[in-house]
Amino acid sequence: MKLRKSVLLILILALCLSFVGCGKTAINTNEVALTVGDAGVDAGVFAYFLDTQVKTNGENTNKADAIEEAEKLCAEYVKVNTEFKNRELSLSGSAKGSIAAAVDEVWNLYGGYYEKIGVSKETVTKIKTSDAYKEMLVSSVFGAGGDKEISEDQMKTYFNENYIFFKYMTASLTGDAEADKATTSKFKELKDNIGREDSDTEEEMTFEDVNKKYSEETGEPAAELNISTMKKGSDTFPEKFFTDVLEMEVDSYKVLSYDENIFLVQRVDGSSYFGDYKTSILDYMTNTDFETLMTTNYKDVKIVGNENIESNIYLTIKDLKTK
């Protein structure tokens, strides 16, 4: 009898170890984690969206809040897919090719992790396909010939007011009054030298020339001076940087100084990039209207989650994040 009990305990232990962790069961990607109206959302899709919430909130993640937000994202996913089908739209071959390439890139980077939380490559394909559906829906409704068309002139106005293009070089300000004064003086000198004759070459100095000379004098690596872009509201540069550059004339130069950095900036004409940003501009301009459209069309849709499955997925993700 004792032997049988020992064998039973070993079997229980082995079963526990075969799971992701005690208290959690292995995730079945295709198991229905919640329903949105009449549509079932599988565990893989829910895990994908829940993972984005955990990543966003980090250590401050609250289980109930994260699950609720993931459910909302799943609902948006179902609504977009349904609306796309109802409007009898279809993706082009090139769009499908772009989706496949994007999925391959994501899977090569994160496939191993995703498999641990129940997200398959097929799941990522579903998500990327739904993203493409939304892009096409926005274009169908708000693009040329759409029900609520946004004109190209309106998009260009938005583009000109919300995007800046520029080249820059920068240096740190340390808070030491004398050192920062010297750095500021040097940057003003660099700006004034652009367009002046170089005594060595007898040719007008360019931004590239003064950048190179500054590097030689300081031993700092020369700035690359590639064309950079910034959207209004981005935090990649100091808060007032966007407004300061927007007020500059195209091809003009200016020294901009903030608490921690000083910049020598050339504003660049970005009009040739408008076509590259049309899709994202239309999305930004219509985001609220699109949400209203989805809410109106699917106002009676209810979300019903499977608490056990959702909780298990949350615990699995949190466990992996803390290892």
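This is a predicted model: local features need pLDDT of at least 70, side-chain atom pairs count only at pLDDT 80 or more; totals for chains, interfaces and linings use all residues.

**Entry 1: α5**

I started with the buried side of α5: Thr123, Val124, Ile127, Thr129, Ser130, Ala132, Leu137, Val138, Val141 and Phe142 are its buried residues. For the length, α5 runs over residues 121–142, which is 22 residues. I get 32 Å from its first C-alpha to its last, close to the 32 Å expected at 1.5 Å a residue.

**Entry 2: Gly143**

Then I looked up Gly143, which sits in the loop between α5 and α6 (152–162). Is Gly143 buried or exposed? I count Gly143 as buried, because its relative accessibility is 8% and the cut-off for buried is under 20%. Leaving out residues up to four places away in sequence, I find Gly143 touching Val138, Glu149 and Leu282. Val138 is already on my list of buried α5 residues.

**Entry 3: α2 against α11**

I turned to the pair α2 (residues 43–57) and α11 (residues 307–321), whose axes come within 10 Å and cross at roughly 45°. I am therefore calling α2 oblique to α11. The crossing of α2 past α11 is right-handed.

Which residues meet here? From α2 I noted Ala43, Phe46, Ala47, Leu50, Asp51, Val54 and Lys55. From α11 I noted Ile309, Glu310, Ile313, Tyr314, Ile317, Lys318 and Lys321. Sorted by class, this contact of α2 with α11 has nine nonpolar residues, no polar ones and five charged. A reminder on the spacing in such lists: an α-helix has 3.6 residues a turn, so residues three or four places apart point the same way.

**Entry 4: α11 itself**

The buried residues of α11 are Ile309, Glu310, Ser311, Asn312, Ile313, Tyr314, Thr316 and Ile317. I find them packing against β1 (32–36), α2, α3, α4 and β7 (303–305).

Ile309 is buried, since its relative accessible area is 12%. Apart from residues up to four places away in sequence, Ile309 touches Glu31, Val32, Ala33 and Ala43. Between Ile309 and Asn30 I get 11 Å from C-alpha to C-alpha, although the two are 279 residues apart in sequence.

How do α7 and α8 pack? Their axes are 10 Å apart and the angle is about 145°. α7 passes α8 in a right-handed crossing. I listed Lys186, Phe187, Leu190 and Asn193 on α7, and Val210, Tyr214 and Glu217 on α8, as making the contact. Its classes come out as four nonpolar, one polar and two charged residues.

Last stop was Asp198, in the loop between α7 (177–193) and α8 (207–218). I put Asp198 down as buried because its relative accessibility is 9%. Not counting residues up to four places away in sequence, Asp198 touches Glu203, Met205 and Lys213.

Notes: Residues are numbered from 1 along each chain as its sequence is written. Side-chain values use heavy atoms; hydrogens and water are left out. Axes are lines fitted to C-alpha atoms, for helices over the stretch in contact, and angles run from 0 to 180 degrees between N-to-C directions. Helices (H or I, at least four residues) and strands (E, at least two) are DSSP runs, numbered from the N terminus. Angles under 35 degrees count as roughly parallel, over 145 as roughly antiparallel, 65 to 115 as roughly perpendicular and the rest as oblique. A crossing is left-handed if the near helix is turned anticlockwise from the far one by less than a right angle, and right-handed if clockwise. Contact means heavy atoms within 4.5 Å. Ala, Val, Leu, Ile, Met, Phe, Trp, Tyr, Cys and Pro count as nonpolar, Asp, Glu, Lys and Arg as charged, and the others, Gly among them, as polar. The expected span of a helix is 1.5 Å times one less than its number of residues. Buried means under 20% relative accessible area, exposed over 50%, partly exposed in between (1.4 Å probe, protein chains only).
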